[in-house]
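The briefing is arranged by topic.

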Amino acid sequence: MPHDEAALPVRHGSNPVQPNAVHHSGYALVLDSLTRLHNRVYIAECLQQLLKSPRAARVGVLFIDLDGFSKINDIGGYDLGDSILRDAASRLAGLMDQQGLLGRIGSDGFLIVADDHGNPLTLVAFAQRILDLFAVPFEVAGAEYYLGVSIGMARSVHDTRDASALIRDAGSAMRRAKQSGRAEFFNKDMQDQLQRRFRIETLLRHARAAGELKLVYQPIVDSASGETVGAEALLRWTSGELGDVAPAEFIPVAEEAGLMESIGDWVLEQACAQAGQWRWSFAPHVAVSVNISPLQFNEHLVRHVAACLERSGLDASALQLEITERGLMPDEPAVSATVAALVKLGVRLSIDDFGTGYASLSYLKRFALHNLKIDRSFIQSLPHDRESVAITHAVVTMAHALGMTATAEGVETREQATALFEMGCDMLQGYLFSRPASPAEFADALSDADLGNKWCAVPQSNP
Ligand code: C2E
Ligand code: MG
Ligand code: MG
């Protein structure tokens with residue numbers, strides 16, 4: 001940070017701000033033993049003092065977190081991790097001058113308290129220097145390790161802020177930076193988002209008991225005959241307080257809060273019972289697809305699937321489980337065991353949103369899967385976008401070469417459906433046929449056969 005007469009009276013190393021709560025009876029109270037930087041308690045205390053001073057409005061906080069550090073401990077043990085942390089600490093210390101305060105908070109997190117001279121761009125420039133610093137690999141015992149950093153920034157513009165709130169805000173911005181890949185500022189929008197997220201978590205704990213969850217079903221049709229061959233069960237939540245909350249919003253919260261396993265169990269139970277009833281009463285050929293969160297993908301799922309099939313009388317081959325690529329990390333032994341056990345039960349496995357994940361294709365070779373669901377983002381730009389045509393065509397060809405079927409999701413126009421049929425895509429799903437519907441609406445549509453007749457690629461002898 002540039003030097004300035006009116007800079008904040010804090011320094012890295014010997015700090016003139018003497019926090020009340022920290023009496024210097026020993027270094028252990030103020031220093032982190034591994035990096036010799038200030039520890040979390042000390043830095044928070046200094047920050048609190050600064051926020052009470054007249055210069056409070058100029059205080060900026062940067063929360064710096066190493067990306068992928070946990071992998072380092074896995075690869076080389078704690079010795080390697082410790083060397084990298086010491087190196088990271090000394091790089092950051094090299095950036096500090098007399099006006100900043102640097103500490104380590106948490107295992108791979110660092111905090112810098114700096115004078116932003118009343119200008120947020122000063123912090124942004126500082127963050128850029130840190131990002132540049134970590135573009136250089138760490139060298140330990142002749143090997144190189146590339147670890148980036150994620151940086152969150154917060155400023156004390158509202159003087160009501162206390163130190164822990166400011167550190168928390170910078171931490172939230174850092175987590176957002178992890179997703180966006182850039183340094184981020186904490187702002188009011190983020191605070192509102194966090195509050196909503198917290199509310200969702202609280203309300204979701206009681207949603208099932210309150211009868212606020214239900215399933216809707218979206219038809220899946222055979223691309224050649226137009227016949228409805230199945231339905232995807234999709235979860236809906238109408239909260240008494242928040243109204244309708246989209247699954248894209250509440251499912252990640254449920255996953256983080258550890259609620260997904262019990263909600264997922266309920267979804268499976270309901271969907272199997274519903275499909276069992278449809279097949280028994282009037283649609284013996286209809287299958288049901290159920291989305292499975294990666295967090296559900298374990299031994300318990302196998303037992304629960306077996307129990308749901310048993311209770312509902314549903315044929316295992318009429319149940320398809322949809323899992324995204326991020327749930328199929330081939331190196332996880334538990335994943336292989338779960339796939340094998342589910343295949344043994346006879347259920348079908350489908351990869352959802354195919355083409356959007358980061359997973360390598362090796363899992364296709366490794367696991368005996370049944371279906372690929374091509375993500376809506378590719379289908380949307382059919383048939384005019386050449387790249388989307390090429391990718392969709394390649395996915396269909398690959399699925400068939402591996403003995404799998406392909407389903408297109410998000411089909412909205414006849415043109416898209418025709419292009420997909422011509423590429424050999426087996427099944428289609430999307431608003432062209434039907435929006436997700438209540439069980440009663442789905443049953444009506446199935447029995448009057450109107451839905452299937454909306455699309456028929458192969459000319460019928462009796463139109
Ligand atoms: P998904 O499994 O890929 O489901 C397809 C999503 O695309 C659904 O959104 C569906 O309503 C929407 N969709 C279908 N056809 C069209 C179309 O033609 N155009 C457009 N624009 N959208 C279409 P929804 O119901 O909001 O679900 C979003 C995601 O939430 C699902 O994506 C799935 O990943 C997740 N989800 C939903 N229900 C469950 C569940 O029971 N368990 C788990 N783990 N995830 C679920
Ligand atoms: Mg799905
Ligand atoms: Mg999908």
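Predicted model: local features only at pLDDT ≥ 70, side-chain atom pairs only at ≥ 80, totals over all residues.

Residues are numbered from 1 along each chain as its sequence is written, chains are lettered from A and ligands numbered from 1 in the order in which they are written, and side-chain values use heavy atoms, with hydrogens and water left out.

**Magnesium ion (ligand 2)**
- E232 (OE), N291 (OD1), E322 (OE) and D352 (OD) coordinate the magnesium ion (ligand 2) at 2.0 to 2.2 Å; donors are N, O and S atoms within 2.8 Å of the metal (3.2 Å for Na, K and Ca), and sites may look incomplete because water is not among the atoms.
- Along the sequence, the donor residues of this ion have the spacing E-x58-N-x30-E-x29-D.
- E322 belongs to strand β12 (residues 319-324) and D352 to strand β13 (residues 348-354), so the pair ties together parts that are 30 residues apart in sequence; strands are DSSP runs (E, at least two residues), numbered from the N terminus.

**Magnesium ion (ligand 3)**

**Bridge and burial**
- D352 bridges the magnesium ion (ligand 2) and the magnesium ion (ligand 3), which lie 4.0 Å apart.
- Both E322 and D352 are buried, a term for under 20% relative accessible area, with exposed meaning over 50% and partly exposed in between (1.4 Å probe, protein chains only).
- D352 counts as buried because its relative accessibility is 7%, whereas D353, at 24%, counts as partly exposed.

Note on methods:
Helix = DSSP H or I, 4+ residues; strand = E, 2+ residues; numbered from the N terminus.
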